[in-house]
Every structure is written in structure tokens, then in C-alpha cells.
Amino acid sequence: IQDVLDSNIQFNTEMLDNVHDKISNIVIWFRCNQHLKQMYGKLSNINPKSDPSTTQELYQDILHLSSQINSTIRHSKDVNDIAVERIHLNRKEDILKAYQTFKKRNITGVIKMGLQGLNNMCGSRKGVGLGKSVLFCALTHNYKSTMLLSIARWCRDYNKFQSKDNRKPLILVITLENEGHENMMLWFKHAAKTILQDKIELEKMSDEQIIDAIYNYFYSEDIEIAILRYLPSDFGFEELVDLITSYEDEGYYIPVCIIDYLRQMRLTSVDDIYSRKGGHQLIKELFNKVCNYLKSKGITLFTAHQLNRNASMIVSSGVPYPVKRFNESHMEGSTDVAREVDMIIYMNIEKNHQGIPFLTLQWGKHRYEEDTPERYKFIAYPFTEKGIIDDIDGKFGGVKDIYNYDPENPGKNKNSSKGNQNIQVEINY
């Protein structure tokens, strides 16, 4: 402070703000250091042979000092600095900036998926806007993980992302359930059966050839995909923020974050390990924090969620198209999950009377987008020997009535004189 007062330099607003920040950081450091010294003193007084009640009291004192450190840091932030968006409607420059953000995320920044049926569910934009959160809900072994992997591939194959500072786009895939190497091979095997079917025969290739083929398929100058596998107990909201920050510091731009599954992230924060809140509330808070953080950065979230026993009972009842009966009351763990995300799509694998399996998809909700026609809110896609085939660049592959389907001529109704067929296909979940 004395150096500043003695200086003859003419200070502008930016320089004064910088000095203010430095002084504030010193004050914060001093206060936190004082609390840490008190914590160390308390720990030094713990005697293994002392009365357990005394040890417990010391432990509570240490937790209290820890919370004071967190409070000191939290209250050090200026309320204007922590606002993620600030618009004064009597300032034209604020209105311009807000409109540019809206246009980037909702008009020009639309993510196309590989199935026309899914894009149609998104309304007139035919895609998902930047910063939106999309939740795929299904029972166990009903295509949740494979859908999320497909989303990552579609982001790379059918979309172009560009940041204003020309950073390289990175599609971030975080898996808390399936192994990363399994996801990589599942992706590549699908490509080998569909996109690369005339060039790749895995059964005849050596390990070196397979490695080269995987590298050549995924490598791109324009976009990267990163798969990160974490144990659920090691990965929570704080780790997600740190991970995204670290990639941004490396020079990447992250337009899409895919989490398989968000519900499996650590529910409590590092500083709230002993929370007494119920699981229902903790799940809601986790979704709230993740969705709002990614939205503030314009990062689109795709994740999936398990449905509960009541949904399973609907499927077991044998009623046709059970996916149409799913709703937010069937969310496992917390029904409030539905309130936190922008879009919900329910999924269920259903076989028709011929034994042909279909992925049935039902629109659940889409915040701020009320223009999806009713005819687009349900669609089904048949599984073939090559899985579900992308139809974004070709003939529409979805069907409305799986019980009136002709596998030899998917675009037309089934001839009722045909005998029953039982098509055997491999379905990867």
C-alpha cells in the first residue's frame, strides 16, 4: 500500500482494481492462515488416551474452523463478480451482448444428432441448443450408455464447433460406470460395421492394424474426443469444474460434456462429507449445480438416468409402448431431477409380435421450447444386424407403429400375409 501511495504513476481504473484485488487476497490469506494455525493447535492437543468425548469436541472444533475458512473465501467475492450474466436493459451494449449470446446458443449454435427422429423432438430448430441439458431416461440395459456414446460420435461427425478465439473444440466424455477402453472399442466396432464396412475386417486384422485403424478413424484436425473414467467416489461437482478449467487452460473449447451417468457422481462436496441431507435432496442439488454451471459456460450436457421399479412394472404389464407412460414420478432417487434439466427423452427397448427389437423414444419435456408437434413426440428405430443406423443424411429410418412394420420394406406397412420372423441382433447397451 505504501509503495502505491509513494508512486508518481497515474493510476487508471484497471490498475486500481488490480491493487484492490491484491490487497483483498492478502487479507483473505491472513484470515485463513489464522484459522489453519488454530486447527493445527487443536490437532496437537488430541491424545489417543484421552476421553472420547473430549476428542469428539476437538473434532467438532476443527470442523467449525474448516467451515470458517470456507466462509471467509466465499464472502470475499464481490456480488457483482460472481454474477454469471448481468444485463442492464437501459444499456444498448448489454442488450447487444445478451442477444449475441442468445443467437449463438439457440439459433446458430444448434447440435444435430444422428437420428432425424431425435432432432424432430427438439422443435423447429431440429437440434439441441448450446448450454442446454438433455437427460435420457430408461430402465437398466435399455440403451442409455450407447445413446450417450452415439451423441459423442454425432457431435464429431455431423457438427462444426468454432470458438471466437479459434480454440480447438473438445467433446468431453466422462464415464463413471463403463470402462473407457470398452467405450472406445464399442465406438470403433460400430464404425467398422457401418461407416467403414468396406474397409475394415476386424477378424482378419493384427493388433497393430487395429490400433492404426482406431487412430485413423478418431483423429481429426478439427475436433477431439476425450474419454475419462472415474470412480464415482472420486468425482463430484468440484472435480468437474477443475477438469473443465484444466482443459480450457490447455487451450481447448468445450462445447459438449457427456456424463455417463451424472447420478453416479459423488453427491456431497469435499467440505460437506458428513451432510445430514437425504439422498433425494443431494441428488437434486447435484443436478442443479452441474446443469447451472455448464449452462453458464454455454456447454451442452448430455447424460442419462435410471428409472425406478414403477416404470419396470409398466413394462412387465405387457402394455404396448410403455415408454409413452413414463413420467417424472418414475425417476430413481429423486423426482426433482426432472425440474433441473432442460430436456427429457424417455427410452425403452420393445419387441414387436415378430420378435424385432425397437428403440422407442418419447419426448418428456423441453424447457422454453413448446413448438414440438405432437406427431414428433414419439418415434421408434429398429435394431438391425448393424445396430441402429444413422438417418440424418438419408432416408428417414424411424417408424410410428412397430406392430405394423415390414423389415423387408421399412418405409411401408407390413403385409399381413407374411409369417412371423424372429430377427437375432446383437444389442450393445
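**Talking through a predicted model**

Modeller: In helix α8, the residues I210, A213, I214 and Y217 are buried. They cover an arc of only 100° around the axis, which puts them on the same side of α8. This is a predicted model, by the way.

Biologist: Okay, and which residues of α8 are exposed on the other side?

Modeller: E208, I211 and N216 are exposed there.

Biologist: How do you know that the length of α8 agrees with its number of residues?

Modeller: Helix α8 covers residues 207–218, which is twelve residues, and at 1.5 Å a residue they should span 16 Å. The end C-alpha atoms are 17 Å apart, which agrees.

Biologist: On to the strands. Why is β9 called largely enclosed?

Modeller: Strand β9 takes in residues 357–366, and nine of its ten residues are buried, so the rest of the structure largely encloses it.

Biologist: What makes β8 and β9 a pair?

Modeller: Two strands need at least two bridges to pair, and β8 (residues 343–351) has nine to β9, so they qualify. The two run antiparallel.

Biologist: Why is T175 called buried?

Modeller: Buried means under 20% relative accessible area. T175 has 1%, so it is buried. T175 lies in strand β4, residues 168–175. Leaving aside neighbours within four places in sequence, T175 is in contact with G180, N183, I227, L228, R229, Y230 and D260.

Biologist: What are the residues with the most contacts inside the largest nonpolar core?

Modeller: That core has 51 residues, and L172, I174, L240, Y247, I259, M265 and V290 have the most contacts inside it. Helix α10 (residues 279–296) gives the largest share of the core, seven residues. I259 touches several residues, among them L148, L176, L301 and F302. There is also a second, separate core of 41 residues, including M121, L130, F161 and L361.

Biologist: Why do nonpolar side chains end up together like that?

Modeller: In soluble globular proteins, nonpolar side chains tend to be buried together.

Biologist: How many aromatic pairs does a search of the whole structure find?

Modeller: Nine.

Biologist: Why is the pair of Y247 and Y252 called what it is?

Modeller: Ring centres must lie within 6.5 Å, and planes over 60 degrees apart count as edge-to-face. For Y247 and Y252 the centres are 5.8 Å apart and the planes are at 75°, so the pair is edge-to-face. Both count as buried: Y247 is at 15% relative accessibility, and Y252 is at 18%.

Biologist: And what makes Y381 and F396 a pair?

Modeller: Their centres are 6.3 Å apart and their planes 70°, so by those cut-offs they are an edge-to-face pair. This pair links distant parts of the chain, with Y381 in strand β10 and F396 in the segment after β10, 15 residues apart. Y381 counts as buried at 1% relative accessibility, whereas F396 is partly exposed at 37%.

Biologist: Where is the cis peptide bond?

Modeller: A cis peptide bond joins D260 and Y261, with omega about -5°. Y261 lies in the loop between β6 and α10. Most peptide bonds are trans.

Terms used
Residues are numbered from 1 along each chain as its sequence is written. This is a predicted model: local features need pLDDT of at least 70, side-chain atom pairs count only at pLDDT 80 or more; totals for chains, interfaces and linings use all residues. Side-chain values use heavy atoms; hydrogens and water are left out. Buried means under 20% relative accessible area, exposed over 50%, partly exposed in between (1.4 Å probe, protein chains only). Helices (H or I, at least four residues) and strands (E, at least two) are DSSP runs, numbered from the N terminus. The expected span of a helix is 1.5 Å times one less than its number of residues. The arc is that of the directions from the helix axis to the C-beta atoms. A nonpolar core is a set of buried Ala, Val, Leu, Ile, Met, Phe, Trp, Tyr and Cys residues joined through side-chain atoms within 4.5 Å. Contact means heavy atoms within 4.5 Å. Rings of Phe, Tyr and Trp (its six-membered ring) pair if their centres lie within 6.5 Å; planes under 30 degrees apart count as stacked, over 60 as edge-to-face and the rest as tilted.
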